[in-house]
Amino acid sequence: QVQLVESGGGLVQAGDSLRLSCAASGRTYSRYPMAWFRQAPGKEREFVAAINWSGSNTIYSDSVKGRFTISRDNAKNTVFLQMNSLKLEDTAVFYCAADLSYYGTAPVGYAYWGQGTQVTVSA
């Protein structure tokens, strides 16, 4: 079994920063692509960022490019999302995802998902 557990969400003001973490347990995930998605109430799940197995390549959505940074620590089986200059429209539940080989932007491509962590940005 592979489990993904997100942490680091919370209530912040616009312009603040947060760092989300996603820890993988069970079967190790050191060489698997991982990604972050987010979902606001009544909205579709939206791609945020992805990182390949080694951490040498990344993908970002246009809405977060330049503000968010995805990284990973394979020794700890953990992926991070550093979020800077947060905006009201960033408010959502953030989910991490992983797969054996898929590296892309489609939610259906990822087999394993965490439970989500709430990020709320206020004025």
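Predicted model: local features only at pLDDT ≥ 70, side-chain atom pairs only at ≥ 80, totals over all residues.
Visitor: How many of the residues are buried, as a percentage of the 123 in the protein chain?

Guide: Buried means under 20% relative accessible area. Here, buried residues account for 42% of the 123 residues in the protein chain.

Visitor: What does the radius of gyration say about the protein chain?

Guide: The idea is to set the value beside what a compact globule would give. For 123 residues that would be near 14 Å, and the protein chain has 13 Å, so the two agree. Along its principal axes, the C-alpha trace spans about 40 × 30 × 25 Å.

Visitor: How many helices and strands are there in the protein chain?

Guide: The protein chain has 0 helices and 11 strands. As for contacts between residues at least 6 apart in sequence, 58% of them join residues at least 24 apart.

Visitor: Could we look at one residue? Where is C22 found?

Guide: C22 sits in strand 3, which covers residues 18–26.

Visitor: Is C22 buried or exposed?

Guide: Compare its relative accessible area with the cut-off of under 20% for buried. C22 has a value of 0%, so C22 is buried.

Visitor: Which residues does C22 touch, not counting those up to four places away in sequence?

Guide: Among them are L4, V5, E6, M34, W36 and C96. N77, T78 and V79 also touch C22.

Visitor: And how do the charges lie?

Guide: Take the mean position of each kind: those of the 11 positive and 9 negative charges of the protein chain are 6 Å apart.

Methods: Residues numbered from 1 in each chain as written. Heavy atoms only, no water. Helix = DSSP H or I, 4+ residues; strand = E, 2+ residues; numbered from the N terminus. Buried < 20%, exposed > 50% of the residue type's maximum accessible area, 1.4 Å probe, protein only. Contact = heavy atoms within 4.5 Å. Rg over C-alpha atoms; globule rule 2.2 N^0.38 Å. Lys, Arg positive; Asp, Glu negative; His and termini not counted. Charge placed at Lys NZ, Arg CZ, Asp CG, Glu CD.
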